[in-house]
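Let's take a friendly walk through this structure together.

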Amino acid sequence: LQTEEIGTLRSILQVIANPRQDIPLLSALASPVFGFTADDLAAFRSRQKQGSIYDALLADDSPKTRKFLEHLEILRREARMNPIAQLIEKIFLLTRMDSIFSSMDGGETKRENLLAFYQLAADFETTSRRELSQFLEHLEALDEKGLMSADEGSTDVVTIMTIHKSKG
């Protein structure tokens with residue numbers, strides 16, 4: 001589950017949980033879902049060099065930024081009121097990210113990956129609490145255990161392994 005589409009979805013979920021995390025925020029903004037270019041990012045950051053990227057976004061009045069902030073507010077409200085699986089459905093509905101990734105090369109696989117991630121979230125809800133922060137911690141724990149790695153037979157990926165795992 002360490003693919004571009006899942007990485008983008010995870011970044012969006014992290015931003016929903018806390019928009020003041022610069023790395024997930026930049027990852028979400030620069031993704032195909034929101035389509036901010038390097039020039040877009042530099043433009044709003046150059047107008048406000050101090051503080052977080054989120055503060056710079058709040059001060060920006062471009063239509064692209066306003067649309068992103070509107071979506072973020074809707075999704076943050078959704079996260080407070082609904083289970084994680086329903087939040088992911090709302091992300092798909094609002095951003096059309098499932099359609100965006102489906103239209104790319106390998107689109108069917110990307111769509112299946114998004115559906116598998118959705119199922120992971122739904123399964124998490126049945127065994128644990130429904131809070132987004134707990135789900136993100138669960139994903140982090142899976143990453144640390146190496147349970148969310150790419151297929152080992154794939155040739156177009158870089159795999160990072162612990163010393164223990166690389167030995168055998």
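**Buried rings and charged partners**

Phe 34 counts as buried, because its relative accessibility is 14%, where buried means under 20% relative accessible area, exposed over 50% and partly exposed in between (1.4 Å probe, protein chains only). Before going further, please note that this is a predicted model, in which local features need pLDDT of at least 70 and side-chain atom pairs count only at pLDDT 80 or more, while totals for chains, interfaces and linings use all residues. Residues are numbered from 1 along each chain as its sequence is written, and side-chain values use heavy atoms, with hydrogens and water left out.

Now look at the rings. A pair of aromatic rings is described by the distance of the centres and the angle of the planes. Here, rings of Phe, Tyr and Trp (its six-membered ring) pair if their centres lie within 6.5 Å; planes under 30 degrees apart count as stacked, over 60 as edge-to-face and the rest as tilted. By this rule the count comes to five aromatic pairs. Helices here are DSSP runs (H or I, at least four residues), numbered from the N terminus. Phe 68 is buried too, at 4% relative accessibility.

Phe 36 and Phe 44 form another edge-to-face pair, because their ring centres are 6.4 Å apart and their planes stand at 90°. Phe 36 is buried at 5% relative accessibility, and Phe 44 is buried at 2%. Ring pairs join Phe 34, Phe 36, Phe 44 and Phe 68 into a cluster.

Which residue has its charged end over the ring of Phe 36? It is Lys 64, 5.3 Å from the ring centre; a charge sits over a ring if NZ of Lys or CZ of Arg is within 6 Å of the ring centre and within 35 degrees of the ring normal. Lys 64 also forms a salt bridge with Asp 40 (2.8 Å, N to O), a salt bridge being a side-chain nitrogen of Lys or Arg within 4 Å of a carboxyl oxygen of Asp or Glu. Lys 64 is partly exposed at 34%, and Asp 40 is partly exposed at 26%.

The structure holds eight salt bridges. In another one, Asp 55 joins Arg 20, with the closest N and O atoms 2.4 Å apart. Asp 55 lies in helix H4 and Arg 20 in the loop between H1 and H2, so this pair ties together parts that are 35 residues apart in sequence. Asp 55 is partly exposed at 23%, and so is Arg 20 at 45%.

Arg 47 and Asp 60 form a salt bridge as well, with their closest N and O atoms 2.4 Å apart. Arg 47 is exposed at 55% relative accessibility, whereas Asp 60 is buried at 3%.

Technical notes. Helices (H or I, at least four residues) and strands (E, at least two) are DSSP runs, numbered from the N terminus.
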